[in-house]
Amino acid sequence: MKIMPYGDRAVLAEFEDLESTIAAYASMEDSKPSGVLGLVPAARTVLVSVDPERIGLRALVDWINSLEVGTAAYADSKEVTIPIRYDGADLEEVAKILDRSTDSLIDWHLKTDWVCAFIGFAPGFAYLAGGGLSVPRLETSRPEVPRGSVALAGEFCGIYPRNSPGGWRIIGTTEAELWDGELESPALITPRTRVKFEAVSR
Amino acid sequence: MKALRVINPGALTLVQDRGRSGATAFGVGRSGAMDRAAMALANRLVGNPKDAAGLEILLGGVEFEALGDLWIAVTGSWGLLKVDDLPAEPNTAIRLNAGSRLKLPVTEHGLRFYLAIRGGVDLPPILGSRSRDTLAMIGPDPLRAGDELPIGISSIDPIPVVDLVPVNIPDAGTRQIEVRPGPRRGWFGPENWSKFFEAEWVVSQRSDRRGIRIDGPILGRVKDEELLSEGMLPGAIQVSPDGVPTILGVDHPVTGGYPVIAVVTDPSLDALAQVRPGQVIKFRLATGR
């Protein structure tokens, strides 16, 4: 692990791989002292920000160094089932990249126990990990990806919560409401949520 | 219930407070007033708690009508205020009688006015804040003519007895902006690090609450890798692959894929909220803790 400076009120902790990042985030989340305001987990890093009047940056670094990583269970009890139609424009191309049939690709996607590693890119855009396969992004991003598109990029599966530009490879579509700004808890999926996909016919 | 009626909302008037903390797990950043010191001062002048919601008024040119007797204060940007066509002072509490009209001119210095109303704008909070986040698109919609904003009763203190708070007019010249090193400073090497501090940067027209683009020398990289997305904060200075820096604003994306060379301190981030497109800024390294 490497800890890097991030201005007056934060540090960035960087880890070897996604697994150790996720594990560290879980132990931070479970033991964070008061004064730690925000944790932003990502693929290899966790950004930790504080209220500088309640905890200093040196004490923050000491706390991060003292974490016992790997003991906390990552996935929490919340499980969400996402209905999906495998009708994405890139489904066949993704199968080709992974050297599989589309049926075996769909089977892999349905059988995987996905877990939300972090939220990024846009409000409610969950990075789901656990698939163990990796797909490159599109060479050129699409100017508009429709809301509800289920897509793959790198080691992650994601669902577009609203229409937006995007470079992930689209394998399917869901009707699930991922983001409702009117709700007190607006995101359906948050870090540590377990996610299963369920195929629906058109 | 008391209310403030919007006669003319100007270019962009938003409900803002101190912003959200702890909503990053939903992919939502801090948001809140861009010039937090100005918003805090306005709230203090009318006896509001620190987290009361007021209005952030981009460029001015707005008009409101008091529905009920109200106490208000205007801070931040600079221009000649008028109450029922008579001049009124900024940076002090002003009494508006029911039916009175408050006019803010197009700003002469700075960029954003802040208007606090005693009792605060009482709209339902989302994720613990009444702030409009222009990236996440949550919180109260931008104001439109005819809107009536309900005013709460959350003020706790009496109106403080101050004639006038000494406040500097936002400076039109070169602004010094303090930064601390960012996590990916090493990606740029010593030469670009020096260039970053020596250059005079011009604030671009393409600047808003999400980010402030600045034009100047190209900051090349010594490390040519793709960065996996990582956490971002207001004030983080991201450098895109073409070498152009952007200072993230309060409505920033929670994660980003460009390396952060430096991070603006909180007081300087407030100052940046008042810097106009075309104005020059220079960076200097913050010292001490």
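How much area is buried between chain A and chain B, and what part of it do carbon and sulfur atoms give? Point 2 has the reply; some ground rules come before it.

1. **Ground rules.** This is a predicted model, where local features need pLDDT of at least 70, side-chain atom pairs count only at pLDDT 80 or more, and totals for chains, interfaces and linings use all residues. Residues are numbered from 1 along each chain as its sequence is written, chains are lettered from A and ligands numbered from 1 in the order in which they are written, and side-chain values use heavy atoms, with hydrogens and water left out.

2. **The A–B interface.** About 2700 Å² is buried between chain A and chain B, with carbon and sulfur atoms giving 59% of that. Buried area here is the accessible area (1.4 Å probe) that two parts lose on being put together, summed over both. Y6(A), D8(A) and V40(A) are the trio to look at: they supply 21% of the area that chain A buries against chain B, more than any other three residues. In contact terms (heavy atoms within 4.5 Å), 38 residues of chain A meet 35 residues of chain B.

3. The rule finds three salt bridges across the interface of chain A and chain B, a salt bridge being a side-chain nitrogen of Lys or Arg within 4 Å of a carboxyl oxygen of Asp or Glu. One of them pairs R184(B) with E14(A), with the closest N and O atoms 3.0 Å apart.

4. **What chain A brings to chain B.** On the side of chain A that touches chain B, β1 (2-5), β2 (10-14), β3 (36-41) and β4 (45-50) of chain A each supply at least two residues. The largest share, four residues, comes from β3(A). Helices (H or I, at least four residues) and strands (E, at least two) are DSSP runs, numbered from the N terminus. By class, this side of chain A has 22 nonpolar, nine polar and seven charged residues. For the classes, Ala, Val, Leu, Ile, Met, Phe, Trp, Tyr, Cys and Pro count as nonpolar, Asp, Glu, Lys and Arg as charged, and the others, Gly among them, as polar.

5. **T24(B), worth a click.** T24(B) sits in the loop between β2 (12-16) and α1 (36-45) of chain B. Leaving aside neighbours within four places in sequence, T24(B) is in contact with G38(A), L39(A), V40(A) and V254(B). The T24(B) side chain reaches the backbone oxygen of L39(A) at 3.3 Å.

6. **Two domains in chain A.** Chain A is split into domain 1 (2-66) and domain 2 (79-199), with bounds from an automatic or database domain assignment. Their C-alpha centres lie 27 Å apart. Ten residues from domain 1 and seven from domain 2 make the contact. The two domains bury about 690 Å² between them, 65% of it on carbon and sulfur atoms. In domain 1, L18(A), Y25(A) and P41(A) lose the most area to domain 2, together 49% of what that side buries.

7. **Charges between the domains.** The rule finds two salt bridges across the interface of domain 1 and domain 2 of chain A. R44(A) and E155(A) meet in a salt bridge through their side chains (3.4 Å, N to O). Helix α1 (residues 18-31) of chain A gives the most to the side of domain 1 that touches domain 2, with six residues. By class, that side has seven nonpolar, no polar and three charged residues.

8. **Overall build.** Chain A has four helices and 13 strands, while chain B has three helices and 20 strands.

Technical notes: A polar contact is a pair of N or O atoms within 3.5 Å; within protein, one must be able to donate a hydrogen and the other to accept it, and residues adjacent in sequence count only if both atoms are side-chain atoms.
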